[in-house]
Amino acid sequence: MTRTRITQDVRAGRDDVIRGFTSVCRLFKLAIDKRAEGDARLWNHLMQYAEQVLEQHGPRR
């Protein structure tokens, strides 16, 4: 599903979708690495932000 959506965006001329997806993946990896090291602050901030964004803009449940 994600790959298809990225391909559609690239074909539509929105090449920054790859950079955006890569950044989100890097941020997620950094957050789980920090949490594994015992520092959950970044993870907690990321989860709080994700919940806020999805609550405002995400699909209805």
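Helices are DSSP runs of H or I with at least four residues, numbered from the N terminus. The model is predicted: local features need pLDDT of at least 70, side-chain atom pairs count only at pLDDT 80 or more, and totals for chains, interfaces and linings use all residues. Residues are numbered from 1 along each chain as its sequence is written, and side-chain values use heavy atoms, with hydrogens and water left out.

**Exercise 1.** Find which helix gives the most to the lining of the largest pocket.

Solution. A pocket is an open set of points on a 1 Å grid over the protein atoms alone, where a 1.4 Å probe fits, with protein on both sides within 12 Å along at least five of seven lines; lining residues have an atom within 4 Å of a point.
- Step 1: list the lining, which is Val-24, Leu-27, Phe-28, Leu-46, Met-47, Ala-50, Val-53 and Leu-54.
- Step 2: α3 gives the most, with five residues.

**Exercise 2.** Describe how α1 and α2 pack.

Solution. 
- Step 1: take the axes, lines fitted to C-alpha atoms over the stretch in contact, with angles from 0 to 180 degrees between N-to-C directions.
- Step 2: α1 (residues 2–11) and α2 pack at about 145 degrees, and their axes are 8 Å apart.
- Step 3: name the contacts (heavy atoms within 4.5 Å). Thr-2, Ile-6, Asp-9 and Val-10 of α1 meet Val-17, Ile-18 and Phe-21 of α2.

**Exercise 3.** State where Arg-35 lies relative to Trp-43.

Solution. 
- Step 1: apply the criterion, CZ of Arg within 6 Å of the ring centre and within 35 degrees of the ring normal.
- Step 2: Arg-35 lies over the face of Trp-43, 4.2 Å from the ring centre.

Conventions
Helix = DSSP H or I, 4+ residues; strand = E, 2+ residues; numbered from the N terminus.
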